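Subject: Handover of a structure and the findings

Dear colleague,

Please find below the structure that I am handing over to you. My findings follow it.

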Amino acid sequence: MPRSATSIVGRSAELERAGALLASAVAGTGVALLVEGDAGVGKTRLVTELVAGLDALVLTGHCIDLGEAPPPYLALAEAFARLPADRADEVVRDFPPLAGLLPRRGAAASPSGAVDRTTMLDAVFGALVELARASPVVLVIEDLHWADAAVRDVLGFVFTRMADTPDLRLAVVATVRSDDLHRRHPLRPALAGWSRLAAVHRLTLDPLPATDVRDLIRAHADGITDDLLDEIVRRADGNAFFAEELADALGAADGPASDAVPLPLADLLLVRLDPLDADARSLVDAVAVAGGSVGHDLLDRVSGLPADRMERAARDAVDARILRADADVRGRAGYRFRHALLAEATYDDLLPGAVRRIHARFVAALTEAAGLPGGHVAAADLARHARAADDLPIAYRAAVLAARQADAVGAADDAVEQWQNALALHDRLPDTVESHVELVLALVDSCLAAGRGPRALRVVEAELAALPPGADRASRAALLYGFGKAAAAGEFGDETRVALAEALDLLENEPPSVLGARVTTLYARVVASMGRHAESVDSARRAIVLAGQAGNAEALVEAQATQVMIENRFGEAAQAVAELDGLADAASAGGDTATALRIRFSAASVVHASGDLARAQDAFDAAFVAARADGRTYDVYAVHCLAMSARLRYARGAWDDALAIVAEPLHAAPEVPAAILRSTTLSVRAARGDAGTEDLVRQLRPHWSDEGRIAINSVFAVLPVLGRAGRFDEAVALADDFVHTVGTMWMETWFAGRVELGGTLLEAMTRGAGPLPEAGRTALLSAGERFHADAIEAFDRKIAEGRRLGPEARSWRARAEAGWATLRWVVGHDAPPADELDRLTAEAEQLTDYGDNVVELARVRAVRATVLRGLGRAEQAAELAGRALAVARPLGDVVVLDALGGDPGDATPAALSALTPRERDVLELVAQGRSNKQIAQRLFISQKTVSVHVSNILAKLAVQGRTEAAAVARAQGLIG
């Protein structure tokens, strides 16, 4: 990284902090440092000073502004291109996927086929780790605000892995222009996520104080007058770059300073270009049009200058400190603007005709140099230049090529932008290979792979609205199919079924086709989700026939998998899983990655429904890994696989793992996938008593309509929180909101989730229900009775439909029954007989004891232990409580710990130790204001026995009455 001629001024504190972080990296603790500040404030200069004295391998890459669709991995390609030749060869040998980032070695080293995103992430991190074994490594990424999505993903992956890699002598230093980070900038959520990682540190550079600006200018420009110095300090406003530019411009100007320098920054920057002759200015303009950085050979062809004039013009521009000789983004010798702001100002200063002509020269040079390496990078560059040059045929072909190449390497976001560009150009061209509808469907597929379902839906809706009357029937049917695909990626209503039904009508008299088979398959999936079983089975079978008649293997696999999933709801799980696994392999082999992912998710879901949680977790993990390798990390089914894997880790007691597996993908996730993943963390956060749980639930509420799982994760996590706090009205209101919203969205009143809702809410109601006044108990019982009846109704209706309900559903039904009985017992109203209460809680425990379901089993046991203690079976209660606490203590599960009074190993107050277990039970009810009759009913003992216990309690606590006993008990921590 070239260093400024002026020593750094006024950054001693920042240098000290940053230096300490890099020293720890050199010593073996990997760190990431994000240096943030406004343009020109001194970020690059600080980083230059920081790494100058390090005995380390420094690899620098620059992100550049190439519009809305930058090619992926640009900065990393430049950084790795700076490796010495021998080490570069070693890297390519040990990590073949990186051959694409080192194109000079790519011809011999590149593996065949596309490089998936996961392999690239692992390769980059592995290469950095390996390089750091030989010597400390500092990876510098300049201008991260211009980074493409692929670079952001790589950095997020590296940052996440740093903390788990011992003796890692690696530092990643990135500069970020904070004034470019507008509200919707894609880097903002990534920065927020990275900030929570232990290895990531953020350093903000504020404007320099006036005294430091003065020192900087005096060091930069000799002999400057005091008046001019004051003017520069005033206008620079603490910005080091502006100060130096002002000093250079004003110091060389004639006349008064106020007349020599225009106020807008662009005018100030462009003063530096005035001394250049025509050749040098032409060269600088070409570098600006290139994006601020360009290789020497390409610039040579674009400039059209003889070699000697080209060299002289380049020398003049470098000497004028406008350009610097440097490697371009692909690691080839070339030129770069000394500051990006100067490149922007230069480009903006060009007249439209000049801009178009220079872009046209780039198009000619890039198309002539067919052997230029770079793949997707070169195609994206060509597309950008051709669009600006108004060369529509080349712009279109390059955009399609770039989109396909981006899809091939798993850069779905980049593919989305390139398909969008191609679509915008398509109708302006007379002859294209692809039809307009084909481009729309390709864009939809890329959107879905990138997790941008809402965007896909908007695109197709706009296309349908723009379709002229009398349009080709097949084209309209294809667009309706695209609408159905996009809608089915999220929550959809009956309009999706209607759209697909129209598509089927349009294709009814057409010959069998792949489109017809796929529309029919999707229709079968949609109506199945709406509970229209017979229609879905008929449609799936019809789709299989159509796919066979069309002779398309991929469509046939998709139809067969849909049939298996529909019929599996009523069939044998093991057979369904075996069939689905085979169909997923067939879809993957045929290149239909979207269908393969959906089938793998379905197979894992069947395993989960069978109650084998460990095997289901492995299946969801494998499906997500395959999706990531296919570049579909944020496909809705991939996100659901990851979320389900986290949920199963939660259920099996691996809470830290549950949070960890979603942390890295969450950094770069689009809005809806991010909401799904964030909701997945709620179960752990709520169970650990995280104070921010309810705030997150409120933040996620607007996303319930995007994906029902967000509502499920939110409500089921927060209900125990509300129950522990005695906020029963809020809990009931939330449950009612959930039933209304999800039932309306799913077009199903008695959806299966209502069984779990009833069990969860009733158990939450038993927490702290005792102290309620009589009116509160009546309202609570009324709500409890309603949700209990609803849970049983939902379960029985599914059974009546012939649905196969697995262990989880049966467990929640039993918990709803036990919860309703326990609530009546706690409140002391219509309490069930002791043997019935014992039977119901025992049945709930038995049915929850399946497939490593340790967390929920501990919660059921906590409830049953409380009941058994109340029934006078202290020894059995203590044994169950101990088993529940053995799970809850290491996890920090406050739901169980609070229910059982914390850890029995804690110190016990002397007064409490003097009371018998039965006396403690009576004391708790006395403190709740219960009469002897109510206590007798609750504990299944006589009123006379209660009276004896109360007398003993008063004596042992040395108090005169029941109120004083309750006060003393609370003061000594005997009761809550």
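What share of the contacts in the chain with a separation of 6 or more comes from residues 24 or more positions apart? Such residues account for 68% of those contacts, where contact means heavy atoms within 4.5 Å.

The model is predicted; local features need pLDDT of at least 70 and side-chain atom pairs count only at pLDDT 80 or more, whereas totals for chains, interfaces and linings use all residues. Residues are numbered from 1 along each chain as its sequence is written, and side-chain values use heavy atoms, with hydrogens and water left out.

Overall picture and confidence

The chain has 50 helices and eight strands; these are DSSP runs numbered from the N terminus, with helices being H or I of at least four residues and strands E of at least two. Along the principal axes, the C-alpha atoms of the chain fill a box of roughly 110 × 80 × 50 Å. Of its 976 residues, 57% count as buried. Here buried means under 20% relative accessible area, exposed means over 50%, and partly exposed lies in between (1.4 Å probe, protein chains only).

The average pLDDT of the chain is 85, and 90% of the residues score at least 70; pLDDT is the predictor's confidence in each residue, from 0 to 100. Over residues 1–5 pLDDT stays under 50, and the model has 13 contacts beyond four places in sequence for them.

Nonpolar cores

A nonpolar core is a set of buried Ala, Val, Leu, Ile, Met, Phe, Trp, Tyr and Cys residues joined through side-chain atoms within 4.5 Å. The largest has 113 residues, and Ile-217 and Phe-337 have the most contacts inside it. Leaving aside residues up to four places away in sequence, Ile-217 touches Ile-224, Leu-229, Ile-232, Val-233, Ala-243 and Ala-247. A second, separate core of 91 residues includes Ala-638, Ala-643, Val-715 and Leu-762.

Helix 44 covers residues 874–891, and its 18 residues should span 26 Å at 1.5 Å a residue; the end C-alpha atoms are 25 Å apart, which agrees. The expected span is 1.5 Å times one less than the number of residues in the helix. Helix 44 has a kink of about 30°, centred on Leu-885, the bend at a residue being the angle between axes fitted to the seven residues ending there and the seven starting there. Its buried residues are Ala-877, Leu-880, Ala-881, Ala-884, Leu-885, Ala-888 and Leu-891. An α-helix has 3.6 residues a turn, so residues three or four places apart point the same way. Among the elements covering the buried residues of helix 44 are helix 33 (655–667), helix 42 (834–848), helix 43 (854–870) and helix 45 (894–899). Gly-892 follows helix 44 and has a positive phi, near 75°.

The buried residues of helix 18 are Ala-354, Val-355, Ile-358, His-359, Phe-362, Val-363, Ala-365 and Leu-366.

Buried residues in loops

Glu-434 is in the loop between helix 21 (412–426) and helix 22 (436–449). With a relative accessible area of 12%, Glu-434 is buried. Its side chain makes a polar contact with the side chain of Tyr-396 at 2.5 Å. A polar contact is a pair of N or O atoms within 3.5 Å; within protein, one must be able to donate a hydrogen and the other to accept it, and residues adjacent in sequence count only if both atoms are side-chain atoms. Not counting residues up to four places away in sequence, Glu-434 touches Tyr-396, Val-400, Arg-404, His-426 and Leu-439.

Thr-766 is in the loop between helix 39 (753–765) and helix 40 (774–800), and counts as buried at 13% relative accessibility. The side chain of Thr-766 reaches the backbone oxygen of Glu-763 at 2.6 Å. Beyond four places in sequence, Thr-766 touches Gly-819, Thr-822, Leu-823 and Val-826.

Met-747, in the loop between helix 38 (728–746) and helix 39, has a positive phi near 55°. Asp-852, in the loop between helix 42 and helix 43, has a positive phi near 60°. Met-747 is partly exposed, with a relative accessible area of 33%; Asp-852 is partly exposed at 41%.

Kind regards
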